[in-house]
Each structure stands twice: as structure tokens, then as C-alpha cells.
Amino acid sequence: MELKLSNKNLRITVFALLAVALAFFIASQIYRPALAQNPTPTDDEVNRIAHQLYCPVCENTPLDVCPTEACRQWRDLIRQQLSQGWTEDQIKQYFISQYGVRVVGEPPATGLNWLVYVLPPLVILAGAFVLFRAFRAWTKSSKASAAAESEIEAPKDEYVARLEEELKKRK
Amino acid sequence: MLAEIGYGILVVAFFVALYSVGAAIYGERKKSPAIVESARRAMLLLWPLITLSAACLIYLLVTNHFEVSFVYEVTSRSMPTYLKITAWWGGQAGSLVFWSWLMSAFASLVTLRKWDRDREFLPWVIVVTSITTAFFVGLAVFYENPFAFMWFDKAGQVVKAMIQPIGTTPVPLPADGNGLNPLLRHPGMIIHPPMLYLGFVSFVIPYAFAMAALITGRTDDRWIRITRRWTLVAWLFLSAGLVLGSRWAYDVLGWGGFWGWDPVEIAALMPWLTGTAFLHSVMIQEKRGMLKHWNMILIILTYALVIFGTFLTRSGVLSSVHAFAQSAIGPAFFAFIGVTFITSIALVIYRWPELRGETEMKSMLSREALFLLNNLLFMSVLVVCFWGVIFPLISELVTGQKITVGPPFYLRATGPLFAGLMLLMGIAPLSAWGHSTFKTLGRALWKSAVVALVITVVLFFTYTQNAIALTGFFLIAFVLLVTLVEFWRATLARMKTQNENFFVALWTLVGRNRRRYGGYVIHVSMMLMAIGILGINVFQVDTQQSLSHGQSIKLGDYTLTFNDLKQFPNMVNGQEERYVNRAEISLSENGKFLTVLYPRYDVYPDGQPMTIPGLYSTLKGDVYVILVNWESSSANLAPFKVFINPLINWLWIGSILFIFGILIAAWPEREAELVTARTRRVHQTSAAD
Amino acid sequence: MTEIKETAPRRGVPIWAQIIVWTLLVALLVLVAIGLNRAQQGQVQKGDKINQLTLTLFSGYEYNGANQVKLSDLSGKVVVVNFWASWCKPCEQEAADLEKAWELYKGDGKVVFIGVDYVDTEPEARAYLKKFGISFSNGPDLGTKISQMFRIKGVPETYFIDQKGVLQYVQIGPFTSVADIQSIIDPLLK
């Protein structure tokens, strides 16, 4: 059953997709899974924070699993700060000011670092937009001309092409 | 003696490869088949040469020739022989020879096929594969020589060279070598690099044909048909390499997970992303003659990312736990990257008009359009990954600030994109070529969607209220239902029309449509893997405690009791290979005793520890306990970390099914079946579409 | 196979797209080249001018009563910058020698010793300083800015800067004796 690709259908599709995407996005922002859901022995409280920090010396190693002497000292430091009543944010801030911004898993969105968060969505949207424009151009031109005739011809062409292929292969 | 011979052969191989490139180009320009044939023979000579050289290297490795620097770096007397052989790819220099060995093998395989119909491709395929081989052999010959000896210069620094440089003295023969990095001695780690290299190297073949197609102007789908199996096989190896690496990380790195979004991991993931998109997109070119631009771009990107990823891992530009030690090959790699990127892009731009599609896209819901969307989504994931890897470099260069882009960034950015891909996996198989509308697609889909929704609601009330998990489970259920129903309906149709019973019908169905049903099996396997990934990412819980004898940790329904800790050296060939700290833990669930676990950590002579978890694996999930090696332990008080990783084993089950699926899709068809099968399929598809 | 009518003219890649693609490629190559260069670079070398250095000091380890020291304040003096950490075993080998050398030079006021504590924790750092009786100015390398400036590859490393702010000597690894330290400083004082 033929249905002309009208503006209305297109708009509905796009809005529906955007709504779904938005729902996903919102859900993912609200629901950040908890890392430890258990009653809290001190090791776990330390790890909860250490897990969000990265070893300043060894690259890309989370602080809770880093085996070096230095990391052991940092975990003890966190333990100490926790017992003094520091909050998670305070501890993170301390680490950032002491060791630089590389200790956290995502750069704070200041200065140049905005680009990390902004660029991928921009590029993806730009790509989608270009494709969408190209698609529109295609359907506009194809609507007028070859629609009817190519529909009938295409399957036969495929069949003929396949036969030719098989014959060539059997040579 | 043997080292000099091995090196000499490598040098010869380098010049043979260069000759092969030159002769191929010259023969093509002069339209001389004889010269091109000479180039082909030269290329065929490469694999035997490199094999000989590799044999010398392996012999040196196995017989403890520590005067050779590479042997000194990666072997030691206390290593068993099989590990000494695998040490061939355990270090930078040896792995370059390994790469070259694989590359020349595959290039030879390709040129051994019948070339009657595609003669004009041959010279260019030879050029691309031989240039790549020459590059890697050249790196070994000029920069990272596995056969080099060690010399002391005047300042007492070690210099590596074949022939004694002026002003140096020989280093006295070391009594023992450094030994292979202990992390590389695990079975999973032994085959992970070869698998990855196989994947990387086999993607060079489709790329070579793509370049040949661009240069000769034969931009129809011939180059795709020729390389169809290569692409599948390459994808198989690359995927297997990634899965093996993940399993290895899970087994011996001891941090309770399998993927850390480390830059080097991502460097291997990126070609997989474009490779997967390419694998799908070529189907459209074969069936409809569309997406030709995309296919060229995707295969070029795959090759480019393979080279670029190899470069990032080995050049020291990125520091990571994975990365090879710093070396001088960076600039050479950079030059190679520059040349290949520029040439490839220039060729694509030059041939852009000839890559016009043969048919137009009619509907945004047609199969072609959905595959286009598939490409877009994969490219989006690629953009996220690439940017996350490159940005710290930019930041450091521009602001001087070192930053970390870690898992939170990647998970948040790629999560929705992967969800979109899963949605496509459910919709696209039911879409039709050409015209497609909401109504037709909706009619095909709604039943599966509704059942999936029901399953999700059940899970909501019985298992979890986590939105991400529920979304994931909905998509997984949806795809599984759509795919399994496809099998079911088609089998049922065969049973009716051919009067076969269920199993014969299924077998014949799959046998005659290997690509399609192999692909469906792969989709099913990916959904199983998604179950595992979702389980561990969303539901993992962990705790860390120090226990004394008889004390227990309670986590979830499980109780783990510390029984004993044994500490002893492990001897091989009369030498201490490693020092073992092994704990004994009793595991019970809800009071019922399950099993005894032996988490341990081993310390190697160079101080490297390896943490092996005690694992209790069921379909429900893993109980994963490690003896923490970063706090001190004694027989009386030992620190343990316990993870519960729900559903994780579906990841490994899925990956085994995955291999199975690729084998189905790639299995060659017998000649006799070919024509009848194809004609029958054409009837079927033109009716159903 | 019958030709399907083309509905748009054959055209190459539009100029704007080509410009974008080539620009991006060049940018990537330049970025990688610079990154590679950086990775290959070693520490700062003899002859490099050290422009500025600001070190916030541990309390109790002030310089002339100030809790911050800037390299610009020290022009006209020889400055010895020593990178160390409490978790660094080789650093302990040279700690006592460094203090002894400081004792020798501090009277004249022509040489200044500065200790830069590299990614360390304050309690352990203080314990280390106390253990070796260190008295010269010491402070943490906040944000690892100073160590990045010197591009150190590990600890311990010691940098000797002359009176004009030009780096004259780099010591990688621990000193083995006080005499070694003297043999580097004395020529600079002449």
C-alpha cells in the first residue's frame, strides 16, 4: 500500500524519535546506578570516593584498584578526611587542587574543556542534518520521474544480473 | 650467528617488498602482465622469508640467547618453553615481525586465488599489501630490531645494534633475562594479541581492493563481492580479539570488570565500529548499488583506524597501562599515516562522481534508509570515542593541563547510541527494500514490541526499577523476539511447503541463506552479550574488608568465610618463577554451602603482581573475590574485595554463540547448490519484499 | 542491465566539503606531530631558561618567613630544585646528603635549595622531612604544575639553575655523595 511521504508524516516521525531520545536522555541523567549498595564498612566508604578518582601518577587507573605505595597513601588520606567529616565534594576538590584536574574521570566543564562535551553532539547532529538534506533532495527528484517504471524493472534487473553472475562463475 | 642470519633475511624481505611495489606499479603502467607477475612472485616470496626470520627469532628465544636484546627483555630461564615462544609477540620488536608475518601470509593467500576476471585489480592489491608489509618489516629493520645486540656506550647507557657502534663495548652476557611481563603469561593474554593482529591485518585486504577499485575506476560492487569473506573473517578475528582481551582483563587484572575505556582499548574498538558498519553497509551496495560513498569511506576509515590505533599504542603519545614502552618508531609511523590518509582521501574525492548510487532511496523507513541510519549511529559512537581519546592530547597542548576522560564520559555518551543501534537491530530485519511505511513496518513489529513491553513490565515488578536496565531489557527482548520469530516463521513456511520436519527445515533454511541467518544468530548472540554487559554495569555491588581467620563477609545473599592463607614460592626449572599468596575462602548462599574459592595473587621477580580472583560462576552471575594485593596481608589478617557481577556469564556465552554465527555466515557454499539456491532466493525475496 | 535515469547531475565533492575534510586532516596530523614531539622530549635541558616557578611551602618550611617562593625573587642566586616524594625509595638515599649540602651553603646566602614534593600526601611528606631532618624550603607541587614544567620523568630529579635563571645541570636519580652535589654547585658560584 503506497503512502506518499508527506511533510506531516515526516514531522511526526521526527518528533516521535526526538521525544523518545529525550526520554532516554532524561532517564539516564536521573538514574545513575549506585556503586555500592551495602551497609558501610570504612573500606567501602573510602572506595566509593576513590573509585571516582584516578591515580595521578599511573595513567587511567582508578584510585580504588591502584596497587602502588602512593595510591595506598592517598586512600589512607581519604579515610582520614572522611573520619574528619569531610564531604565527598570537599575531598574531590582537595585532590583536584593538589594534583591537578586529571584525578577526576571527566574534566570540569570550564574553559577549553567545554569542547569535550559539546563537540560530539554537534558533529553528530551536523552529520544527521547533512544526510537528511541529501535524503530530501533524493526523494524530491525521484518523486516526479522514475518511480513507476524503475519499480517494475528493478526486480527483473536483479534476476537477470544474478543469472549472469552465476553463469560467469560457472565458467 | 643465527641473529645475524635472521636480521639479514629481514633486510632482504624489506627490499623484496619494495621491489614488489615498484614492479607492480611499473608493470601496470607499461601494461605488462609479465612484470606484474614478477611483482606477484616477489610478494609470494615474502612469507617464506619472514617465516625463516621468525624461526630464527623463536629459536633464539627458546634457547636463552640473552646476548640478543629482545630475548633478554622478554624471556627468562624460569619461563616454560611454550611461553618463550609466545614471547615472540610479547614485546615491541618481536610483535612487528609477527605483524609482518601475518600480513605477508594474508597477502599471499589473496594472490593465490584465480584472477581471470579481475586482472586490473591485481597490481594495486599487490601495491597496498606490499607497502604495508614493507612498512612493518622496515620498522623492525631500521627502528626496533629484534635481533639487535646490546652495547655499552661511553656514558654507560645501553645501545642496541647489530654491528658494534664505534666507541662502545659489548655488554657481558646476562645470566638471565627480564622475563615476560607476568600479565602476558595468562592463556587469554597469549591469544589476545594474535587475534587482534589477525583482525587488523585481514582488514587490509578489503582496503587494498577498495583502493584498487578507486584507482582503476571499477567502482561497482565487484571489489566487495571478492572481499566479502575476508571482511567477515577479519571482523571475526577483531571481535574475538576484543572479547578475549575483555575476558583476560576480568580474569587477571582483578578490578572486577572487563572494559575500562582505556585509550588503548578504545584504539582497538574504533576499527571494530567502522568494520561493523562496513559489514552491514556493503549488503546495500550488493543488493541495490547504493551507499557506495559510505562503503569507501568506511573501509578507508577502518584501515586508517587500524594504523592509527597501532600507532597510538606504540608511539608513546598516549600513556596507558596497556601501552608499549616509548620507542623511536613514532615518527616513521607518523609519516606512513600521513601518506596513507592523504592518498586515500584524495582517491575518494577524485572518484566521488563515479560512486553515485544506482538507485535512489525512496522511503525513510526502507531497509536502505535504516542501514544508512545504522552507519550514522556507528559513526557517532566513533566520533565520541575518537574525541575522548584525542581531546586530552589537545588539552595538554593548548592549556598545558592534563585531563582524564574516563568511563563516565563514554558510558553516558555512547549509551543512548548503542540503545539506538539495538532498536535498529530489531526493526531493520523486518523492513522492506524500496517503499516502506509506518503501517507496513508497524504491522510487522507490533507483536514483538508488545511482548517485549510485557516482559519489561514483569521485570519491573520482580527484578528492578532502574530505568536504564529496564530500557536495556526492553530492547534486548524486542530484538530477541523479532529475530527468533524470523527463524520460526521461515522454518514453519518451509515445513509447510517442503513437507520437512522442524529440524530439517531449520537446517536447510539456514544452509541456503547462510548470510542472513548467520547474521541473525550473531544478532541474538549480541543480545546475550548485552544482557551480561547490562547486568554488570547496572547491578554490580562490591565490598572490601580485612578478615582474620574464621571471619566472614556478607554481600547480598552470599557469605564468604576466610579459612586460610598460604604463601609459598612456585618453582619452575629449579628457579622461583613467582611467589604465591593464596587464600582459601568458603562460599555459601543463604546459609547453604556452595564451594571453596582460592583467590590469590602472585608476585613475580620484577615485582609485578598478578591478581587472580576466586570465581563462582552461574547464569545468575558471578561471585568474584580477590585477595587485595595493594594492602598488606598476613596469615592472620587478609584484605578481600568481593564483587557480585549479575548476569555476566551471558557475555561469554553470547561470545561463543557469536563465533558460531560468524562461521555460519562465512561458511562457503558448494558450487552445485549455488545456482538453484540463488534463483530460489531471488523468487522468495521478490515475493516477500 | 538497463540504465536507471539519473535525476541529478554527476558532481564531485563540493568545495566546502573538501576544505573541511582537508583542514581536519591537516589539523589531526599537526596535533599528532606535536604530541609525538612532546612524547619524545625529555626533561628540560641544560641551557634552557626557566621562566617562572611558584611554590607554596609547607608551614614550618618557609623561605625567609614567606610561605611562597618565586624563582624571580631568587635571581642572582644559584637555585637547586629537588623533586622527591615520600613513597620514593631512591629519594631516601640522597635525602641526608642534600641536607648536608644545604648546611654547607646556607650561610653564604648565595645558594638556595628548594624541595618540590611530587604527588604526595602531606602527613607522609612531613614524616619524611622530619626523618631526614630536612630544613630547606619544601612545598607540594600543587596541580603538578612545576613537575610538568620541568617535564620530569620520575623522582628523584634535581635541577641546578644559575644566577641568571638558566638551567645548568640535570641530575636524574639520587646523588651518591655530598661531594657530587658540591662539584656541580661550586663551578656555578665562580
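Visitor: Which domains does the domain assignment of chain C give?

Guide: Please keep in mind that this is a predicted model. For chain C, the assignment gives domain 1 (13–42) and domain 2 (54–189). Taken over C-alpha atoms, the centres of domain 1 and domain 2 of chain C are separated by 40 Å.

Visitor: Into which domains is chain B divided?

Guide: Chain B has domain 1 (1–180), domain 2 (191–429), domain 3 (430–537 + 653–684) and domain 4 (539–650).

Visitor: How is the contact between domain 1 and domain 4 of chain B described?

Guide: The size of an interface is often given as the accessible area lost when the parts come together. Between domain 1 and domain 4 of chain B, the buried area is about 400 Å², and carbon and sulfur atoms give 44% of this area. On the side of domain 1 of chain B, the residues that lose the most area to domain 4 are B:R77, B:S78 and B:P80, which together account for 74% of what that side buries. The C-alpha centres of these two domains of chain B lie 43 Å apart. Five residues from domain 1 of chain B and five residues from domain 4 of chain B take part in the contact.

Visitor: In what order do the four strands of the open sheet in chain B stand?

Guide: In a regular strand the side chains alternate between the two faces of the sheet. In chain B the order of the open sheet is β4-β13-β12-β11, with antiparallel pairing. Strands β4 (541–548) and β11 (614–617) of chain B each have a single partner strand, so one side of each is left without a neighbour in the sheet. From one strand to the next, the twist averages 15°. Helix α9 (residues 228–252) of chain B packs on this sheet and touches β11, β12 and β13 of chain B. The direction of α9 makes about 120° with that of β11(B).

Visitor: How many bridges join β12 to β13 of chain B?

Guide: Seven bridges join strand β12 (residues 621–627) to strand β13 (residues 637–646) of chain B. In this pairing, B:D622 stands opposite B:N645.

Visitor: Which residue takes a positive phi in the hairpin of β1(B) and β2(B)?

Guide: There, B:G156 has a positive phi near 85°, and five residues lie between the strands. The two strands run antiparallel and are joined by four bridges. One bridge pairs B:F149 with B:A161 in β2(B).

Visitor: Is B:N590 buried or exposed?

Guide: B:N590 counts as exposed because its relative accessibility is 59%, and the cut-off for exposed is over 50%. This residue lies in the loop between β7 (575–589) and β8 (592–597) of chain B. B:N590 is not a glycine, although its phi is positive, at about 50°. B:L647, also a residue other than glycine, has a positive phi near 65°. B:L647 is buried, with a relative accessible area of 12%.

Visitor: What does B:S104 touch?

Guide: B:S104 belongs to helix α5 (residues 92–111) of chain B and is buried, with a relative accessible area of 1%. Leaving aside residues up to four places away in sequence, B:S104 touches B:L46, B:W47, B:I50 and B:T133. A polar atom of the B:S104 side chain lies 3.0 Å from the backbone oxygen of B:W101.

Key
Residues are numbered from 1 along each chain as its sequence is written. Chains are lettered from A and ligands numbered from 1 in the order in which they are written. This is a predicted model: local features need pLDDT of at least 70, side-chain atom pairs count only at pLDDT 80 or more; totals for chains, interfaces and linings use all residues. Side-chain values use heavy atoms; hydrogens and water are left out. Two strands pair if DSSP finds at least two bridges between them. Axes are lines fitted to C-alpha atoms, for helices over the stretch in contact, and angles run from 0 to 180 degrees between N-to-C directions. Contact means heavy atoms within 4.5 Å. Buried means under 20% relative accessible area, exposed over 50%, partly exposed in between (1.4 Å probe, protein chains only). A polar contact is a pair of N or O atoms within 3.5 Å; within protein, one must be able to donate a hydrogen and the other to accept it, and residues adjacent in sequence count only if both atoms are side-chain atoms. Domain bounds come from an automatic or database domain assignment. Buried area is the accessible area (1.4 Å probe) that two parts lose on being put together, summed over both.
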